[in-house]
Amino acid sequence: MPVSKSLSIGPSVAINIALITAFGLTHSIMARDGFKRVWTRIISPTVERATYVLQSSVFLIAIVWFWQPLPTVVWTTDGVIALFIGGLFWAGVAIVLLSTFLLGHLEFVGIAAPLNKLRGVAEPQDVFRTPMLYSVVRHPLQLGLLLVFFALPVMTAGHLLFAGLMTIYMMIGLHFEERALVRRFGETYRTYQSHVPMLIPRLWPTRRRA
């Protein structure tokens with residue numbers, strides 16, 4: 001069972017921050033190229049992505065299991081506004097799911113490489129693509145997660161703490177991911193950055209200079 005839910009606010013907040021920090025640090029360190037170079041000397045590169053997804057899943061389970069609730073209500077809505085916010089939440093869920101499939105769901109969860117090896121199929125060439133949502137924002141997965149985090153008709157202090165901490169982690173992670181993508185795709189990605197916003201879709205197209 002989860003740990004005791006009778007802790008006071010201070011210890012509860014400290015535990016929750018520690019859980020998100022542990023998730024964020026591990027998730028970020030394992031995503032860095034330097035770590036991957038060392039890690040793939042120990043394990044097969046074929047399962048590197050799968051181990052990354054596995055550790056993320058384990059830490060997310062730990063967050064759910066040990067999270068300390070802070071039930072104070074920060075905001076509450078009803079009627080049409082609640083329906084609208086609920087719609088944004090489910091739109092976020094749909095964006096998250098669609099984002100993983102647009103660039104390859106099996107690759108995202110780390111299954112594609114082991115399956116290709118078992119089948120004797122060569123790894124596909126690393127090609128820069130911007131299908132559908134990726135032509136609107138550079139990181140639609142994270143946009144969907146932001147909607148899931150914040151688009152709630154009733155927001156408690158505990159959930160707001162979770163959403164805030166995860167947003168801070170995501171923004172730090174995106175900074176390093178963008179740098180890695182520039183190293184990986186060079187000027188192609190720089191051009192993409194100049195024309196497509198990171199998270200917030202533009203309401204009107206940008207004018208290209210002649």
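A residue counts as buried when its relative accessible area is under 20%, as exposed when it is over 50%, and as partly exposed in between, using a 1.4 Å probe and protein chains only. At 15% relative accessibility, Trp67 therefore counts as buried. This is a predicted model: local features need pLDDT of at least 70, side-chain atom pairs count only at pLDDT 80 or more, and totals for chains, interfaces and linings use all residues. Residues are numbered from 1 along each chain as its sequence is written, and side-chain values use heavy atoms, with hydrogens and water left out.

**Helix α1**

- Helices (H or I, at least four residues) and strands (E, at least two) are DSSP runs, numbered from the N terminus.
- Helix α1 covers residues 9-31, which is 23 residues.
- From first C-alpha to last, α1 reaches 33 Å, close to the 33 Å expected at 1.5 Å a residue. The expected span is 1.5 Å times one less than the number of residues.
- Buried residues of α1 include Asn16, Leu19, Ile20, Phe23 and His27.
- The buried residues of α1 pack against α2 (33-39), α3 (48-66) and α8 (157-185).
- Ser12 also belongs to α1. Ser12 counts as buried because its relative accessibility is 2%.
- Contact means heavy atoms within 4.5 Å. Leaving aside neighbours within four places in sequence, Ser12 is in contact with Leu7, Gln68 and Leu70.

**Nonpolar cores**

- A nonpolar core is a set of buried Ala, Val, Leu, Ile, Met, Phe, Trp, Tyr and Cys residues joined through side-chain atoms within 4.5 Å.
- In soluble globular proteins, nonpolar side chains tend to be buried together.
- The largest nonpolar core here has 19 residues. Ile20, Ile63, Trp67, Phe149, Phe162 and Met166 touch the most other members.
- Helices α1, α7 (140-150) and α8 each supply at least two residues of this core. The largest share, eight residues, comes from α8.
- A second, separate core has 10 residues, among them Ile95, Tyr134, Phe185 and Tyr192.

**Aromatic rings**

- Rings of Phe, Tyr and Trp (its six-membered ring) pair if their centres lie within 6.5 Å. Planes under 30 degrees apart count as stacked, over 60 as edge-to-face and the rest as tilted.
- A search of the whole structure finds nine aromatic pairs.
- Trp67 and Phe162 form an edge-to-face pair, 5.6 Å centre to centre with 90 degrees between the planes.
- This pair links distant parts of the chain, 95 residues apart: Trp67 is in the loop between α3 and β1 (73-76), and Phe162 is in helix α8.
- Phe162 counts as buried, at 18% relative accessibility.
- Phe128 and Tyr189 have ring centres 5.8 Å apart and planes at 80 degrees, so this pair is edge-to-face.
- Phe128 lies in the loop between α6 (112-119) and α7, and Tyr189 in helix α9 (residues 187-195), so the pair ties together parts 61 residues apart in sequence.
- Phe128 is partly exposed at 25% relative accessible area, whereas Tyr189 is buried at 1%.
- Ring pairs link Phe128, Phe185, Tyr189 and Tyr192 into a cluster.

**A charge over a ring**

- A charge sits over a ring if NZ of Lys or CZ of Arg is within 6 Å of the ring centre and within 35 degrees of the ring normal.
- The charged end of Arg49 sits over the ring of Phe108, 5.4 Å from its centre.

**A positive phi**

- Most residues other than glycine have a negative phi.
- Met132 has a positive phi, near 50 degrees.
- Met132 is in the loop between α6 and α7 and is exposed, with a relative accessible area of 53%.
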